[in-house]
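Open the model in your viewer and keep the selection tool ready.

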Amino acid sequence: MSVSSDQVARIFREMADFLSLKGENPFRVRAYEKAADALEHLPGDLKELYEQGKLKGVPGLGKGMLEKIGTILSTGKLPAYEELKREFPEGVRELLSIPDIGPKTVKLVYEKIGVKNVQELEAAARSHKLRNLPGMGPKTEENILRGIRLYRMSRNRVLLGKALPLVEQILRELREKASSWIEMISPAGSLRRGKETIGDIDILVSSTNSRPVMDAFTHLSPVEDVLARGETKSSILTQSGLQIDLRVVPPESFGAALQYFTGSKAHNIALRERAIKKNLKINEYGVFAENGKRIGGRTEEEVYACLDLPLIPPELREDRGEIEAAEKGRLPLLLKEEDIKGDLHIHSTASDGTSSIEELVEKAKERGYEYIAITDHSVSLRVGRGLSGEDLLAQIRKIRKMNSRLEGFRILAGSEVDIRKDGTLDYPDEILKELDIVVISLHSGFRQDKKTITARVIKAMQNPFVRVFAHPTGRLLGEREPYSIDLDKILEVAREKNIWLEINAQPERLDLNDIWVMEAKKRGVRLVINTDAHNKDGLDLMSFGVITARRGWLEAKDVINTLPLKELLKLLKKDLISGE
Ligand code: DGT
Ligand code: CA
Ligand code: CA
Ligand code: ZN
């Protein structure tokens, strides 16, 4: 077993934190931190350096520290560290990472009111349990809550589904407040590329006078704090803890800056290499010839054209082969939201939804759809208020009746059938065969090992009535890891059995993700984009599924629910005229 210097550094950092929590002499605390710093910058293998005596004399590694390193190298452990670790619960050390909270405060809240993690600290501050502790007051509670927000911001990425509405609001407000100074405005960065989570938000404006734009920006209604303010760049922190960077550039550079700040970094690097081969220089100001003459930069099209490329859609700019495809004229004709003709995974009030089928139909028609499938939960899903077989049959009859009164629109009677722990389905075939569409998914047994869970799904996929496998990995962004399903095998079976894999459009799911969507397409598996809506407004989440599909290079023809009703019914082997 070999211990790396980074591992030892981590132990020393934790030691420093624990000792500071105990109120130890600050010099002792600092000694561990210095040693950790030194270890993180060591060249070469720790054990070798130690055995060859080369650690002696390294600043920060005194005699005492060398002894501790020796102990860790020979036993894999440091007794003093193990002891300290037992003294404090897991989450307490994390509290030290919150800005403006020192070890004294952490020790106080832990010992006096039992606060053991960030969540508990937040709750204590909100319910005013901190203000009566010695040395604290209402102001301290405010500061701590702000610190927690800052901490979460620095650590957490936010969902595209959270960031996008905020950006829309900000663009609206900026346009209102500084309209005469804004020539063009666009989001950039990961948000423009449609990444599922966003680190910070980047916005770009072209203007000949940046001051009034920066004024408007730093006074936007969601501003909590102005982190930086300058001529060309300012940054704010919103009340929800997101950082937003605004850059203002002159109109002749707008395209170059938009290209540059949209990224991704990897795409930009690949593009720059291409420029160099053509004896050009490309940066956020423009594209330049060898003699320094500027040859483009007002629009993105111009930037790409200078490199003999067509405009590459932002969602593809991840250095996954898009430049080569562009060069060969083989960029996909990406799917658009208008291509979507229906939604095949929706819950109604019959199970855990909050809109009636009538309301859902109305909303779907507003969106210009030709069909929806109502797929309430199946019998054993108690939390989802699953339907008994009898209830489901009654619902099917109700839907058939509704269809007979609808023109140019079709409600498909479906179900989201739970795959039980043993791979059997939650309704018998006699019921499944009555449905227009069967969607299957997992809601339990997430901890099964890879072999078990994969075999379980494959078993379910053998049922001839199954059409769609929904949210195939079960991940919830920032909350739950995917279960350990072998997607490779699932794709194989999906192609063989002609089962469509879902891109679930819920912003915290986006499941399959872009990478697997791309892979599914390569393997000839067809995809369907569904919102899994639990109320009528949930149908509007479709856009997030479409963005994910675009990031996976999908065209309309790769996606089942771009098919007109007639074509879809053919695939489902159903008649256009609804049978009673
Ligand atoms: P994020 O914010 O973590 O979700 O991801 P991005 O892609 O928005 O990254 P961000 O905000 O750090 O920077 C925005 C864009 O600016 C990035 O996508 C590409 C460009 N950029 C930033 N730093 C560099 C760099 O060092 N080199 C190059 N070539 N481009 C960069
Ligand atoms: Ca960003
Ligand atoms: Ca940024
Ligand atoms: Zn569902």
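This is a predicted model: local features need pLDDT of at least 70, side-chain atom pairs count only at pLDDT 80 or more; totals for chains, interfaces and linings use all residues.

Residues are numbered from 1 along each chain as its sequence is written, chains are lettered from A and ligands numbered from 1 in written order, and side-chain values use heavy atoms, without hydrogens and water.

**Stop one: Arg475.** Select Arg475. Now show the side chains of Arg475 and Glu196. They make a polar contact at 2.9 Å (a pair of N or O atoms within 3.5 Å; within protein, one must be able to donate a hydrogen and the other to accept it, and residues adjacent in sequence count only if both atoms are side-chain atoms). Next, find the backbone oxygen of Arg509: the side chain of Arg475 reaches it at 2.9 Å.

Is Arg475 buried or exposed? Arg475 is buried, because its relative accessible area is 10% (buried is under 20%, exposed over 50%, partly exposed in between, with a 1.4 Å probe and protein chains only).

**Stop two: ligand 1.** Select ligand 1. Then pick Arg157: a polar side-chain atom there lies 2.8 Å from an oxygen atom of ligand 1. Move to Gly199. One of its backbone N or O atoms also lies 2.8 Å from a ligand 1 oxygen. Last, select Asp202, where a side-chain N or O atom is 3.0 Å from an oxygen atom of ligand 1.
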